[in-house]
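Student: I am new to this structure. Please take one part of it, the packing of its helices, and go through that part closely.

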Amino acid sequence: MKTAQARQPAPRGAFSAFARFVLCGGGTGLASSFAVAALASSITWALANALVTVAATLLATELHARFTFGAGGRATWRQHVQSAGSATAAYAVTCGAMLVLHLLVASPGAVLEQVVYLSASALAGIARFMVLRLVVFARGRSRAAATVRVPRPVPATLARVAASAAPEALCRTA
């Protein structure tokens, strides 16, 4: 018979987790770059990037929960919300990079746009890895959050003193 501890996934080292992150997140990011380029032909680039970012973040969070960080199952709502926060920052970085590109180059080609987008995504991805590993999928957070703090009882002598004190003694300004 297996114990509960034996069924939990083994902790993953930073290097192997980063390799899995690059594979899952990088693959999702690469597919996203083509999806953004395809959508941007019919809607604005910022809206295309936002739509693709939402879909890619949902997919990548599930992949990271299951494979990258060894959480052992589906991502929780808390993990999705926290991951969305880091994805919002990544969205701002990619939009900012594209804005700067269009300010510097009047009519950039598709290849240059892809290079800038993927470079900005890679930089944002490194920051996302740190946030996901250290905050979102950090081990031990669920056990610490589940700990219930019980208030300490008031010592009997202090309770007796407070109960026997007259209101005038408690508040001398009255």
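Tutor: The accessible surface of the protein chain is about 11700 Å², and 70% of it belongs to carbon and sulfur atoms. Such areas come from the Shrake-Rupley method with a 1.4 Å probe, and for residues only the protein chains shown count as cover. This is a predicted model, in which local features need pLDDT of at least 70 and side-chain atom pairs count only at pLDDT 80 or more, while totals for chains, interfaces and linings use all residues. Residues are numbered from 1 along each chain as its sequence is written, and side-chain values use heavy atoms, with hydrogens and water left out.

The protein chain has 174 residues, 25% of which count as buried; buried means under 20% relative accessible area, exposed over 50%, and partly exposed in between (1.4 Å probe, protein chains only). It holds 8 helices and 0 strands, where helices (H or I, at least four residues) and strands (E, at least two) are DSSP runs numbered from the N terminus. Of the contacts between residues at least 6 apart in sequence, 69% join residues at least 24 apart, a contact being heavy atoms within 4.5 Å.

Now the packing itself. Two packed helices are described by the angle between their axes and the distance between the axes. Axes are lines fitted to C-alpha atoms, for helices over the stretch in contact, and angles run from 0 to 180 degrees between N-to-C directions. Helix H4 (residues 77-104) packs on helix H5 (residues 110-136) at about 155°, with the axes 9 Å apart. H4 is therefore roughly antiparallel to H5; angles under 35 degrees count as roughly parallel, over 145 as roughly antiparallel, 65 to 115 as roughly perpendicular and the rest as oblique. The contact of H4 with H5 has 15 nonpolar, 7 polar and 3 charged residues. In these classes Ala, Val, Leu, Ile, Met, Phe, Trp, Tyr, Cys and Pro are nonpolar, Asp, Glu, Lys and Arg are charged, and the others, Gly among them, are polar.

Two residues show this pairing from either side. Val116 lies in H5 and counts as buried because its relative accessibility is 19%. Leaving aside neighbours within four places in sequence, Val116 is in contact with Ala97, Met98 and Leu101. Val116 and Met98 are 18 residues apart in sequence, and their C-alpha atoms are 6.9 Å apart. Thr94 is in H4 and is buried, at 4% relative accessible area. Not counting residues up to four places away, Thr94 touches Trp45, Asn49, Tyr117, Ala120 and Ser121.

Tyr91 also has its place in H4, but with a relative accessible area of 25% this residue is partly exposed. Beyond four places in sequence, Tyr91 touches Ala46, Asn49, Ala50 and Thr53. Thr61, in helix H3 (residues 45-68), is buried at 1% relative accessibility. Among the residues that Thr61 touches, beyond four places in sequence, are Gln79, His80 and Ser83.

H5 has a further partner, helix H2 (residues 14-39): the axes of H2 and H5 come within 10 Å and cross at roughly 140°. Residues of H2 including Phe18, Phe21 and Leu30 meet residues of H5 including Tyr117, Leu118 and Phe129. By class, the contact of H2 with H5 has 11 nonpolar, 5 polar and 2 charged residues.
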